[in-house]
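Colleague: I would like to learn how to read side-chain features from a model. Could we start with the aromatic rings and go on from there?

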Amino acid sequence: MPDSSSGASPTPPRIAESGFPAVHLPITPPFPVMQGTRADVLPEGERWVYEPKWDGFRALAFRDGDTVVLQSKAGQPLARYFPEVADLVRNLHADHFVLDGELVIPAARGLSFEDLLLRIHPAASRIEKLSRERPAHYVLFDLLVEQGESLLPLPLAERRARLERFLQRSGADRERMRLSPQTGDPELARQWLHEFGGIGLDGVMAKDATAPWVGARVDTLRKFKRMRTADCVIGGFRYRTGTRVVGTLLFGLYNEQGLLDQVGQSSALPRDLRDEITPVLEKIAGRGGFTGRIPGPSRWARGRDPSFVPVEPVLVCEILYDHFSEGRFRHAVRFLRWRPEKRPEECTYGQVGRRTPDG
């Protein structure tokens with residue numbers, strides 16, 4: 001382990017401040033979070049440790065006396081939407097610190113990302129009701145400031161040890177504020193992926209235990225996900241903005257009632273595919289489309305037109321995805337190839353380990 005007193009990295013640059021109450025700490029919100037690069041292979045070696053990548057909202061928690069701030073990965077205030085988590089932070093037996101972690105909401109079958117999205121609501125009364133009925137938990141994996149001291153130059157291993165001691169003496173509600181598991185065993189990390197991928201684990205984070213905290217996308221923090229494929233029916237499309245060329249394909253799976261649910265979409269289409277598929281889809285446009293569940297517009301994309309052109313559900317394609325939860329593909333979905341030999345009705349939830357969106 002290198003000497004943390006020498007060769008320390010400089011403090012990461014701050015984002016221009018707006019929308020947050022003032023806190024007098026070595027770092028202030030909005031503050032750039034450390035983000036990882038994607039890894040096709042899980043890195044191994046003595047310096048690497050592994051943690052679950054939770055399917056939730058990344059959040060920094062700042063505490064300066066009675067002032068508590070929750071900040072999203074994008075640098076937006078979160079305390080308004082998660083008042084119960086702000087209270088968890090406010091009730092700790094410490095006054096001047098910054099934590100890094102993930103907000104999650106437990107559900108019957110793991111974690112519910114949909115319940116997190118429901119919190120992004122304009123009505124305070126609605127948020128208060130949801131916070132009582134389905135309180136969020138705060139899973140911690142880093143300590144950036146402790147008692148007014150910046151820990152950013154310290155190696156991760158030392159910051160992790162400080163975080164463990166901090167939680168032990170802070171009087172934290174260990175049911176709703178807990179430490180994220182960590183292991184140095186890559187086989188156990190792979191086991192997490194296979195055993196817990198369907199209940200809220202979004203992947204595995206590989207972290208360099210010797211590295212300082214840097215507010216940027218860095219190679220000392222790597223995201224490893226188990227990529228999978230599924231065969232889906234095309235139930236609709238959207239034109240690319242300002243053109244009459246297909247820009248987005250909408251994918252569907254058949255549920256147990258024989259209805260076609262919309263489960264995802266992809267705009268990452270090669271130009272030659274857009275040109276090839278546009279006249280084909282236009283010939284079958286307006287016939288059928290999705291007959292089951294159609295997710296509402298994203299709360300993160302207010303003002304974006306959610307409408308689409310329905311098509312007869314006769315085309316099957318194979319897509320690449322990394323995570324499926326609550327009846328939809330999460331994150332980026334990539335078109336791989338056409339499956340002309342596959343009957344549309346064969347495209348069911350069984351491919352993704354689900355019988356129905358809630359199963």
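Modeller: This is a predicted model. By the pairing rule, the count comes to 10 aromatic pairs.

Colleague: How is a pair of aromatic rings described?

Modeller: A pair of rings is described by the distance of the centres and the angle of the planes. Take Phe31 and Trp213: the ring centres are 5.7 Å apart and the planes stand at 25 degrees, so this pair is stacked. The cut-off behind that word is an angle under 30 degrees.

Colleague: Which parts of the chain does the pair of Phe31 and Trp213 tie together?

Modeller: Phe31 belongs to the segment before strand 1 (35-39), and Trp213 to the loop between strand 11 (201-208) and strand 12 (217-224), so the pair joins parts that are 182 residues apart in sequence. Both Phe31 and Trp213 are buried.

Modeller: Compare the rings of Phe324 and Tyr349, with centres 6.1 Å apart and planes at 70 degrees, so that pair is edge-to-face. Here Phe324 lies in strand 18 (residues 323-325) and Tyr349 in the segment after strand 20 (334-338), so the parts tied together are 25 residues apart in sequence.

Colleague: Are Phe324 and Tyr349 buried or exposed?

Modeller: Phe324 has a relative accessibility of 5% and therefore counts as buried. Tyr349, at 1%, also counts as buried.

Colleague: Which charged end sits over the ring of Tyr239?

Modeller: That of Arg244, at 4.1 Å from the ring centre.

Colleague: Now the cysteines. What is a disulfide?

Modeller: A disulfide is a covalent bond between the sulfur atoms of two cysteines. Searching the whole structure gives zero disulfides. For Cys232, which is in no disulfide, the nearest cysteine sulfur is that of Cys317, 6.1 Å away. The cut-off for a disulfide is 2.5 Å. Cys232 has 0% relative accessibility and so counts as buried. Cys317 likewise has 0% and counts as buried.

Colleague: How should I read the buried residues of a helix?

Modeller: An α-helix has 3.6 residues a turn, so residues three or four places apart point the same way. In helix 3 (residues 124-133), the buried residues are Ile127, Leu130 and Ser131. Viewed down the helix axis, the buried residues of helix 3 fall within an arc of 100 degrees, so they line one face.

Colleague: Which exposed residues does the face of helix 3 turned away from its buried side carry, and what covers its buried residues?

Modeller: That face carries the exposed residues Ser125 and Arg132. The cover over the buried residues of helix 3 includes helix 1 (83-90) and helix 2 (113-118).

Colleague: With which residues is Leu273 in contact, leaving aside its neighbours within four places in sequence?

Modeller: With Phe335 and Trp338. Leu273 lies in helix 6 (residues 271-283) and is buried, its relative accessible area being 7%. The C-alpha atoms of Leu273 and Val246 are 9.0 Å apart, while the two residues are 27 apart in sequence.

Colleague: What do the totals for the chain give?

Modeller: The chain has six helices and 20 strands. Of its 359 residues, 50% are buried. Taking contacts between residues at least 6 apart in sequence, 71% join residues at least 24 apart.

Methods. Residues numbered from 1 in each chain as written. Predicted model: local features only at pLDDT ≥ 70, side-chain atom pairs only at ≥ 80, totals over all residues. Heavy atoms only, no water. Buried < 20%, exposed > 50% of the residue type's maximum accessible area, 1.4 Å probe, protein only. Phe/Tyr/Trp six-rings, centres within 6.5 Å; stacked < 30°, edge-to-face > 60°. Helix = DSSP H or I, 4+ residues; strand = E, 2+ residues; numbered from the N terminus. Lys NZ or Arg CZ within 6 Å of the ring centre and 35° of its normal. Arc of directions from axis to C-beta. Contact = heavy atoms within 4.5 Å.
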